[in-house]
Amino acid sequence: MRKGDGALGRFALGTGQMPTEAVVAAAVEAEAAGAEAVLVGENPLEPDAFVTAAAVLAATHSVRVGPGVANVWDRHPLTLGRGAATLDRLAPGRALLGVGRGDRDAVEQSLRVSAAGGLAALEDTLRILRPLLDGAVVDHTGKVWSARLEPLPERTRARGGVRLYLAAVGQRTLELAGRLADGVLLNYAASPEYVGWAVAQIARGAEAAGRDPATVDVLGWVLVARSDLDGAPAQLEHVRATVATTLRLPDQGAALAGPAGGLPARLDDATLARFALLGDGAQVHARLGDYRRAGLRCPVFLPSGLRALLGWPAAPGVL
């Protein structure tokens, strides 16, 4: 997945709590700015990521598009695979699929299902999806998900190859991505120190599976708040709230903060700068270089963050 060599290098757009029409508009804008992919966010109360991704594919020309990420608890891998294959039929070679297990407490409270065995659910999902999307027989008996399927018929089979990404934070999930996924999606609130640590875990998993670590792409969300643009205080507080929420997640916060000195007692601006791009234009671009040198090959920006990096004014109501 490659595109621009401009001032930002490789980058992708990630969308969050936005109506479908706003996602499409942001995707068109990001493609024009050189983005290589659009990761359509989803949670139980947001628009369906596959339907929204189809709308984005219809409105764009070259970006890869797909859920980023789809939760493995509310869809069987067969359903995820059929959706991704359908996207690829609409735009061969441009579909992607990011999967993750989400926050366990949130899944159990919102869906009323047990989210125990999350790592097993992720592995089962990847082991079912890969042959399904490659047009092969699926024969997998797992701890959470199982499937025995003939190849998808030619009329529904993916035609251009669907890239599979795994949202990962902790060591075991990062190693799993190295073993089975085409790439990894790192979460909000990653620091360059965390990125370097994560890349080592991904490499360990890839090598254990006999894969070249260089073939596993590394993407990750990076939050941006520029101090020299209109609306800077509001954007800074949005970044602060997002980082604080992420670091409070019991199964993610300690792992994300550990390589950068551990969980902070408070998120003043100096501390927040460990986990996001803060400052004027020169400072945020310099800090982005730190992330790239640590091994983040393709940063993923929210629409507001991308506009800030480009020096554009914020779009009303768009995060």
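Reader: How much space lies in the largest pocket?

Author: In this predicted model, about 1,400 Å³ of space lies in the largest pocket.

Reader: What makes this a pocket and not a cavity?

Author: A cavity is a set of points where the probe fits but cannot get out, whereas a pocket is an open set with protein on both sides along at least five of seven lines. The space of about 1,400 Å³ was assigned to the pockets, and so by that definition it is open.

Reader: Which residues lie nearest the centre of the largest pocket, and which elements supply its lining?

Author: The lining has 44 residues, and those nearest the centre are Glu42, Asn43, Gly102, Asn187 and Tyr188. At least two lining residues come from each of β4, α4 (104-111), β9 and α8 (232-247), and α8 gives the most, with five residues.

Reader: How is the lining of the largest pocket divided by class?

Author: There are 18 nonpolar, 18 polar and eight charged residues in that lining.

Reader: What is the volume of the second largest pocket, and which residues are closest to its centre?

Author: The second largest pocket has a volume of about 190 Å³. Its lining is made of 15 residues, of which Asp230, Gly231, Gln235, Ser304 and Ala314 are the closest to the centre. Two or more lining residues are given by α8 and by α12 (303-310), and the largest share, four residues, comes from α8. By class, this lining holds nine nonpolar, four polar and two charged residues.

Reader: How many cavities of 30 Å³ or more are there, and what lines them?

Author: The count comes to two cavities of 30 Å³ or more. The largest cavity holds about 40 Å³ of space, and its lining consists of Gly16, Met18, Pro19, Thr20, Val23, Val40, Gly41, Glu46, Pro47 and Thr52, which divide into five nonpolar, four polar and one charged. The second largest cavity holds about 30 Å³ and is lined by Val222, Leu223, Val224, Gln235, Val239, Leu302, Ser304 and Gly305. The elements α8 and α12 each give two or more residues to this second lining, in which five residues are nonpolar, three are polar and none is charged.

Reader: What is the strand order of the sheet, and why is one side of β3 and of β4 left without a neighbour?

Author: Nine strands form an open sheet with parallel pairing, in the order β3-β2-β1-β13-β10-β9-β8-β5-β4. Because β3 and β4 stand at the edges and each has a single partner strand, one side of each is left without a neighbour in the sheet.

Reader: How do you know that β9 pairs with β8 and with β10?

Author: Two strands pair if at least two bridges are found between them. As examples, alanine 167 has leucine 185 in β9 as its bridge partner, and valine 184 has valine 218 in β10.

Reader: What makes β10 a covered strand?

Author: In strand β10 (residues 217-221), five of its five residues are buried. Asp217, Leu219 and Trp221 lie on one side, Val218 and Gly220 on the other, and both faces are covered.

Reader: Where is the cis peptide bond?

Author: The cis bond joins glycine 68 and valine 69, with omega at about 15°. Valine 69 is in the loop between β3 (64-67) and β4 (70-71).

Reader: What is the mean pLDDT of the chain, and where does pLDDT stay under 50?

Author: The mean pLDDT is 93, and 97% of the residues reach 70 or more. Over residues 1-5 pLDDT stays under 50, and the model has 18 contacts beyond four places in sequence for them.

Technical notes: Residues are numbered from 1 along each chain as its sequence is written. This is a predicted model: local features need pLDDT of at least 70, side-chain atom pairs count only at pLDDT 80 or more; totals for chains, interfaces and linings use all residues. Side-chain values use heavy atoms; hydrogens and water are left out. pLDDT is the predictor's confidence in each residue, from 0 to 100. Contact means heavy atoms within 4.5 Å. On a 1 Å grid over the protein atoms alone, a cavity is a set of points where a 1.4 Å probe fits but cannot get out, and a pocket is an open set with protein on both sides within 12 Å along at least five of seven lines; lining residues have an atom within 4 Å of a point. Grid points are joined across faces, edges and corners, and a volume is the space filled by probe spheres set on the points. Ala, Val, Leu, Ile, Met, Phe, Trp, Tyr, Cys and Pro count as nonpolar, Asp, Glu, Lys and Arg as charged, and the others, Gly among them, as polar. Buried means under 20% relative accessible area, exposed over 50%, partly exposed in between (1.4 Å probe, protein chains only).
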